[in-house]
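Here is a friendly walk through the structure you are about to see. Keep it open as you read, so that you can follow along.

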Amino acid sequence: MTGTFALMAWPVILPLLGAVLALLVGRDGVRWVAGVASVATLTAVVVLVWKVATDGVLHQDLGGWGAPLGIAWRADGLAALMLLTVALVGSLISVNALDHFGSREDREFLPLWLFVWCALNALMLSADAFNLYVTLELTTLGAVSLIVVRRDLPGLEAGLRYLLFALPGSLCYLLGIALLYGAYAALDVGLLAQRVQPGPVTWVAAGLVTVGLCLKTPLFPLHVWLPPTYTGAPTPVTALLSALISKGSYYVLFRLWLEVFSPVLDAEVGQFLGVLGAAAVLWGALLALSQSKLKRVVAYSSVSQIGYMFLLFPMATRGAQAGAIYLVVSHAAAKASMFVAVGNIHQAVGITDLGGVQGLAHRMPFTFLAMALGGISLIGIPPSGGFIAKWLLLNASVETHQWWWGGVLLVGSLLAAAYVFRILRGSFLPLPPGVEVRSIPLGKELAPLALALLALVLGLVPWFPLGLLSVGMAR
Amino acid sequence: MNPWVLYALSGMVMFSVGLVGLFTHQHVVKRILAANIMGSGVLLVLVALARRVPSGPPDPVPHALVLTGIVVSVSSTALGVALARRISRLKSMDAASSRTGPEGS
């Protein structure tokens, strides 16, 4: 395979091949196969990103069939940045997940993660509304299998709950796409963007697509499934869910809104999404503040952080777009780091209460350093990816004379500071007597630190991701 | 009224009935079935849209989409049912062990 197609196909084919091979080989071979597949995929993604950064947007009609009949793939700066995020964050999470389970689950986790990775890469590259539905479903089914990998009752119930909320979400999306096809006879995102006109069909379709994707992302008040699912799933899987899988549906929403819907919808709809986002920021942070279980604090923090990403819709300037995507990327790194750190703490002391962290900072320095650095990014203290994201959004709120969104950002950051400090405060106290701390392999302690450093680096060198993002960005 | 409008409207009705069912029922099997009804509603809308232009052959694209949709729907239903079965088996084992074992509760 040569040319554009090869560049875009390898990031999808390699994890798929790796997953199938990893299922076939025995217990000992899984790590090798998955490791080789991961490194190969990462390399393919880096090559694609480099190509997009130097040569601009890549476009490919699969099988030589162009739109309107065929399925198109497109890699612009946004897609490239998301592919890179998934590759880096996902690899680090799966490194940490080794030996997290028993040997059987360990053997199944890696192939399942490779399947999800394949689906996510295909999702980022699709420029076809129906292909986006298919890849979203593949991601969902893969995610459910990951959630239930341990086959215990909490995990199974969390998986079924996730499935039963994700299904109506994707069906709403599919109905919206069906209506769009009925009205405009197009599925290709570019063609839809040209053809869509204001009118009742477009409004209903946009509503269905938006509700469906908000349910999957999830945006307040559709977030009710998130905390129990995130708590029931094994911790490495929760990290994948929060950092990457929930971003898949947000990415689709972002794409369709900015390229197809927002030119034909009234500004009030964007304002409405902004209000929901603001409510999510505040409500999620308040709930995070009131939890007593460590993992629930971090889970509710996701509800809050997802809210920020919807502040984009009322402002919709280029700065706000960049800010929202920057938040997606830095949240992926920071939140993954925090969940992985929580997993390490659970493994070391077996305590899930917030009070259980007392004295642990001395025994697990890297884990708590990761937690602190991840927290810095969530709060938005410079220098961190979270800071750059919030700065861009704050600027956009001033630019568009909508200062209240800036106020939401600041109050949300204060609340985030409160819940992060609540986790960290106890960890510096002396270790209470009688607590046994199992030692954690160094590799497992370094994985969350690497993720947290990634969030930090995003704040130090913002020009690379921001430059990449501007490649082929709409308007 | 064109027959395709009737089909499309029926599809919308099925979608709504399924949606309501999914969020009002507690029983897992009923919820999975409700999701299935929703899905069939969407597919019916797609089939109907293929016949929008009464003269000439039906549009093949929605038919292709329906086929893919059926595959997705079968897989997700199978996964849901498998999970539900496993959960009910684990729960009945828990219940049995708490009845017989002294330390079960």
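## Cavities

In this predicted model, the search finds 4 cavities of 30 Å³ or more. A cavity here is a set of points, on a 1 Å grid over the protein atoms alone, where a 1.4 Å probe fits but cannot get out; lining residues have an atom within 4 Å of a point. Points are joined across faces, edges and corners, and a volume is the space filled by probe spheres set on them.

The largest cavity has a volume of about 90 Å³. Its lining draws on both chains, with A:Tyr133, A:Glu137, B:Asn36 and B:Ser73 among the residues. Two or more lining residues come from each of α5 (129–147) and α6 of chain A, and α2 and α3 of chain B; helices (H or I, at least four residues) and strands (E, at least two) are DSSP runs, numbered from the N terminus. The lining of this cavity has 6 nonpolar, 5 polar and 1 charged residues. In this scheme Ala, Val, Leu, Ile, Met, Phe, Trp, Tyr, Cys and Pro are nonpolar, Asp, Glu, Lys and Arg are charged, and the others, Gly among them, are polar.

## The largest pocket

Now for a space that is open: a pocket is an open set of grid points with protein on both sides within 12 Å along at least five of seven lines. The largest pocket holds about 380 Å³ of space. It is lined by 15 residues, and those closest to its centre are A:Leu160, A:Leu164, B:Gln26, B:Val28 and B:Arg31.

α6 (153–184) of chain A gives at least two residues to this lining, as do α1, α2 and α3 of chain B. The top contributor is α6(A), with 5 residues. By class, the pocket lining has 8 nonpolar, 3 polar and 4 charged residues.

## Where the chains meet

Chain B brings 34 residues to the contact and chain A brings 30, with contact meaning heavy atoms within 4.5 Å. About 2,900 Å² is buried between them, and carbon and sulfur atoms give 85% of that; buried area is the accessible area (1.4 Å probe) that two parts lose on being put together, summed over both.

The two chains share 1 salt bridge, a side-chain nitrogen of Lys or Arg within 4 Å of a carboxyl oxygen of Asp or Glu. A:Glu157 pairs with B:Lys91, their closest N and O atoms being 3.0 Å apart. On the side of chain B that touches chain A, α1 (3–24), α2 (28–49) and α3 (60–100) of chain B each give two or more residues. The largest share, 17 residues, comes from α3(B). That side of chain B divides into 22 nonpolar, 6 polar and 6 charged residues.

## A link within chain A

Over all chains, the salt bridges number 9. In one of them, A:Asp76 and A:Arg255 have their closest N and O atoms 2.3 Å apart. The partners are 179 residues apart: A:Asp76 is in the loop between β2 (72–75) and α3 (77–97) of chain A, and A:Arg255 is in helix α10 (residues 235–261).

## Backbone details

Most peptide bonds are trans. The bond from A:Phe220 to A:Pro221 is cis, with omega near 0 degrees, and A:Pro221 lies in the loop between α8 (200–216) and α9 (226–232) of chain A. A:Pro382 and A:Pro383 are also joined by a cis peptide bond, with omega about -5 degrees.

## Reading the values

Residues are numbered from 1 along each chain as its sequence is written, and chains are lettered from A and ligands numbered from 1 in the order in which they are written. Local features need pLDDT of at least 70, side-chain atom pairs count only at pLDDT 80 or more, and totals for chains, interfaces and linings use all residues, while side-chain values use heavy atoms, leaving out hydrogens and water.
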